[in-house]
Amino acid sequence: MSESTDVSKPPADGAYVNGLFVDGARWDREKNVFAESTPKVLFDTMPMIWMVPMKKLEIPNRPIYWCPVYKTSERRGVLSTTGHSTNFVIDMRLSSDKPEMHWVLRGLALLCSWMIRSHVDILI
């Protein structure tokens, strides 16, 4: 993950993901792991993520958190025919220096949008 990744051209393999928000924690940009939230800060921006497809056997064994990604902060949606919520996008395998249950209890998730559109007033 990097904030200075050159995205003028697509990566040789995989895809760049940018614009996600962290809810329930923050991303420590020095250690490249999740960290406790800063007081009075509800959401943190996530640096650009380079998603690279790999076989399970090729994935390095390291402490991770299976972080759910949701479209909105509501974290709920209609159950689709596949059995998944329409608000759920994917689980991402991200670095962590704490046990997975630590982040589960904090409700850590990544969000595509932190604003609940139905509650936003637009003033013109």
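Let's start at leucine 20. Setting aside neighbours within four places in sequence, leucine 20 is in contact with Asp44, Thr45, Met46, Ile49, Val69, Met92, Leu110, Leu111 and Cys112. Keep in mind that this is a predicted model.

Where does leucine 20 lie? In the loop between β1, residues 15-17, and β2, residues 21-23. Is leucine 20 buried or exposed? Its relative accessible area is 7%, under the 20% cut-off, so leucine 20 is buried. One distance to note here. Leucine 20 and phenylalanine 43 are 23 residues apart in sequence, and their C-alpha atoms are 10.0 Å apart in space.

Now the whole chain. The protein chain has 1 helix and 9 strands. The order along the sequence is β-β-β-β-β-β-β-β-α-β. How much of the chain is buried? Of its 124 residues, 29% count as buried. Next, the contacts. Take those in the protein chain with a separation of 6 or more: 68% of them join residues 24 or more positions apart.

Serine 113 next. This residue lies in the segment after β9, which spans 109-111. Serine 113 has 16% relative accessibility, and the limit for buried is 20%, so it counts as buried. What does serine 113 touch, leaving aside neighbours within four places in sequence? Phe21, Lys71, Thr72 and Ser73.

The protein chain exposes about 8,800 Å². Carbon and sulfur atoms supply 58% of that area. Which residues make the nonpolar surface patch? Trp50, Val52 and Met54, with an area of about 300 Å². Look at valine 52 in particular. Valine 52 is found in the loop between β6, residues 49-51, and β7, residues 64-70. Its relative accessibility is 36%, between the 20% and 50% limits, so valine 52 counts as partly exposed.

That brings us to the largest pocket. Its space comes to about 630 Å³. The lining has 20 residues, and the closest to the pocket centre are Trp50, Met51, Val52, Arg62 and Arg93. So much for the residues; now the elements. β6 and β8, the latter spanning 88-95, each supply at least two lining residues. Which strand gives the most to the lining? β8, with 6 residues.

Last topic: backbone angles. Most residues other than glycine have a negative phi. Two residues here go the other way.

Take asparagine 32. Its phi is near 55 degrees, a positive value in a residue other than glycine. Asparagine 32 sits in the loop between β3, residues 26-28, and β4, residues 33-35. With a relative accessible area of 34%, asparagine 32 is partly exposed.

Then lysine 40. Phi of lysine 40 is near 70 degrees, again a positive value in a residue other than glycine. Where is lysine 40? In the loop between β4 and β5, the latter spanning 43-45. Is lysine 40 buried or exposed? The relative accessible area is 86%, over the 50% cut-off, so lysine 40 is exposed.

To close, back to the opening residue. Leucine 20 lies in a loop, and leucine 20 is buried. Lysine 40 also lies in a loop, but lysine 40 is exposed.

Conventions: Residues are numbered from 1 along each chain as its sequence is written. This is a predicted model: local features need pLDDT of at least 70, side-chain atom pairs count only at pLDDT 80 or more; totals for chains, interfaces and linings use all residues. Side-chain values use heavy atoms; hydrogens and water are left out. Helices (H or I, at least four residues) and strands (E, at least two) are DSSP runs, numbered from the N terminus. Buried means under 20% relative accessible area, exposed over 50%, partly exposed in between (1.4 Å probe, protein chains only). Contact means heavy atoms within 4.5 Å. Accessible areas come from the Shrake-Rupley method with a 1.4 Å probe; for residues, only the protein chains shown count as cover. Patches are made of residues with over 30% relative accessible area and no salt bridge: like charges are joined within 9 Å, nonpolar side chains (Val, Leu, Ile, Met, Phe, Trp, Tyr) within 5 Å. A salt bridge is a side-chain nitrogen of Lys or Arg within 4 Å of a carboxyl oxygen of Asp or Glu. On a 1 Å grid over the protein atoms alone, a cavity is a set of points where a 1.4 Å probe fits but cannot get out, and a pocket is an open set with protein on both sides within 12 Å along at least five of seven lines; lining residues have an atom within 4 Å of a point. Grid points are joined across faces, edges and corners, and a volume is the space filled by probe spheres set on the points.
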